[in-house]
Amino acid sequence: MSLYSTELGAMLVVIFFGFLPNEVWRVLGVLFGRRIDPGSLWMQWVQAVATALLAAVVARLLLVPSGALVALPLSLRIGAVASGIAGFLALRRSVLAGVLTAEAVLVAGAWWLGISP
């Protein structure tokens, strides 16, 4: 048996090609991130781009769904987004509360409509 056909070999491959390259970038991010001014014009641009990308992903999931969301009607998906925003705002801008509220509305709506995954 060779080293690559054992579980140890598989773990070594994951560590060397998955974990370590990612960890290098994390360490560099921590080292260089200390020097970044969060209020700078550059960071405001980065935040705007990140917000726009998140909005685009939500819009795509809402208007052009894939997977299990295809079976749910548009009105239910819009209601889930609206309830998620309401849950986010109602519980002191908690992202977890917004996500859980929207998910609960999706699951309850699918159950009410008799749609199974």
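This is a predicted model: local features need pLDDT of at least 70, side-chain atom pairs count only at pLDDT 80 or more; totals for chains, interfaces and linings use all residues.
Let's start with the open space. The largest pocket holds about 580 Å³. Its lining is made up of 18 residues, and those closest to the pocket centre are Val58, Val81, Gly84, Gly98 and Ala102. Where does the lining of the largest pocket come from? Three helices each supply at least two residues of it: helix H2 (41–63), helix H3 (74–90) and helix H4 (95–113).

Next up is Arg77, which sits in helix H3. This arginine is buried, yet Arg77 has no salt bridge. If you go looking for a side chain of opposite charge, the nearest is Glu103, and that one is 12 Å away. What does lie 2.9 Å from a polar atom of the Arg77 side chain? It's the backbone oxygen of Leu62.

Most residues other than glycine have a negative phi. Arg92, though, has a positive phi, near 55°, and for Arg93 phi is likewise positive, near 55°. Are these arginines buried or exposed? Arg92 counts as exposed because its relative accessibility is 80%, and Arg93 counts as exposed at 59%.

**Pairs along the chain and in space**

| Pair | Separation in sequence | C-alpha to C-alpha distance |
|---|---|---|
| Ala97 and Ile85 | twelve residues | 9.2 Å |
| Leu54 and Arg26 | 28 residues | 22 Å |
| Ile115 and Ala71 | 44 residues | 7.3 Å |

A bit of context for one partner in each pair. Ala97 is found in helix H4, and Ala97 counts as buried because its relative accessible area is 10%, with the cut-off for buried being under 20%. Leu54 belongs to helix H2. How much of Leu54 is accessible? Its relative accessible area is 56%, so Leu54 is classed as exposed. The cut-off for exposed is over 50%.

Ile115 has its place in the segment after H4. At 26% relative accessibility, Ile115 counts as partly exposed. Although Ile115 and Ala71 are 44 residues apart along the chain, their C-alpha atoms are separated by 7.3 Å. For Leu54 and Arg26, 28 residues apart, that separation is 22 Å.

Definitions and conventions
Residues are numbered from 1 along each chain as its sequence is written. Side-chain values use heavy atoms; hydrogens and water are left out. On a 1 Å grid over the protein atoms alone, a cavity is a set of points where a 1.4 Å probe fits but cannot get out, and a pocket is an open set with protein on both sides within 12 Å along at least five of seven lines; lining residues have an atom within 4 Å of a point. Grid points are joined across faces, edges and corners, and a volume is the space filled by probe spheres set on the points. Helices (H or I, at least four residues) and strands (E, at least two) are DSSP runs, numbered from the N terminus. Buried means under 20% relative accessible area, exposed over 50%, partly exposed in between (1.4 Å probe, protein chains only). Lys and Arg count as positive and Asp and Glu as negative; His and the chain ends are not counted. A salt bridge is a side-chain nitrogen of Lys or Arg within 4 Å of a carboxyl oxygen of Asp or Glu. A polar contact is a pair of N or O atoms within 3.5 Å; within protein, one must be able to donate a hydrogen and the other to accept it, and residues adjacent in sequence count only if both atoms are side-chain atoms.
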